[in-house]
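Hi,

Here is the structure I promised to pass on. Have a look at it first, and my notes on what turned up follow below.

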Amino acid sequence: LLVERHARGLGIGRRLVDESLRRLHALRATALFLEVDGANKPAINLYKRLGFKKVGERPAYYEGPEGKTSALVMRLDLG
């Protein structure tokens, strides 16, 4: 899931994750993993508020204007 920069802060990301979680519950999924750029603090904060925990990291995974950043792997138990 991705929310374009100009649309961030409007609750769109939260609604996308909520809908994904509803669908996963209906499918009886037991866990959800995601990957997020370690420099994307607003997304990381959202995921933490929703109960995701960091379970891994891929150093220097993303290449951006400020150089390389890590990919954080996060997990949410659904069951």
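First a bit of bookkeeping: two strands count as paired if DSSP finds at least two bridges between them. Helices (H or I, at least four residues) and strands (E, at least two) are DSSP runs, numbered from the N terminus. This is a predicted model, with local features needing pLDDT of at least 70 and side-chain atom pairs counting only at pLDDT 80 or more, while totals for chains, interfaces and linings use all residues. Residues are numbered from 1 along each chain as its sequence is written, and side-chain values use heavy atoms, with hydrogens and water left out.

On to the fold. The protein has two helices and three strands, and from the N terminus on they run α-β-α-β-β. The C-alpha trace spans about 40 × 30 × 20 Å along its principal axes. Of the 79 residues, 28% count as buried (buried is under 20% relative accessible area, exposed over 50%, partly exposed in between, with a 1.4 Å probe and protein chains only).

Now the strands. β1 and β3 run antiparallel and are joined by seven bridges. Within that pairing, Phe 33 stands opposite Arg 75 in β3, and Ala 31 has Asp 77 of β3 as its bridge partner. Gly 64 stands opposite Gly 67 in β3, while Arg 58 has Ala 71 of β3 as its bridge partner.

In a regular strand the side chains alternate between the two faces of the sheet.

β2 has a few things to click on. Ala 60 lies in this strand and has a positive phi of about 50° although it is not a glycine. Ala 60 has a relative accessible area of 42%, so it is partly exposed. A search of the whole structure finds two aromatic pairs (rings of Phe, Tyr and Trp, the last by its six-membered ring, pair if their centres lie within 6.5 Å; planes under 30 degrees apart count as stacked, over 60 as edge-to-face and the rest as tilted). Tyr 61 and Tyr 62 have ring centres 5.1 Å apart and planes at 90°, so this pair is edge-to-face. Tyr 61 is partly exposed, because its relative accessibility is 46%; Tyr 62, at 25%, counts as partly exposed too. Arg 58 also comes into this: it lies over the face of Tyr 61, at 5.8 Å from the ring centre (a charge sits over a ring if NZ of Lys or CZ of Arg is within 6 Å of the ring centre and within 35 degrees of the ring normal).

Another residue to check is Arg 28, in the loop between α1 and β1. Arg 28 has a positive phi of about 65° without being a glycine, and its relative accessibility of 74% makes it exposed. The C-alpha atoms of Arg 28 and Gly 79 are 7.9 Å apart, although 51 residues separate the two along the chain.

Last, the pocket. On a 1 Å grid over the protein atoms alone, a pocket is an open set of points where a 1.4 Å probe fits, with protein on both sides within 12 Å along at least five of seven lines; lining residues have an atom within 4 Å of a point. Points are joined across faces, edges and corners, and a volume is the space filled by probe spheres set on them. The largest pocket has a volume of about 900 Å³. Its lining has 36 residues, with Arg 8, Val 36, Asn 40, Ala 43 and Tyr 47 nearest the centre. At least two lining residues come from each of α1 (12-26), β1 (31-37), α2 (41-49), β2 (53-64) and β3 (67-77).

Cheers
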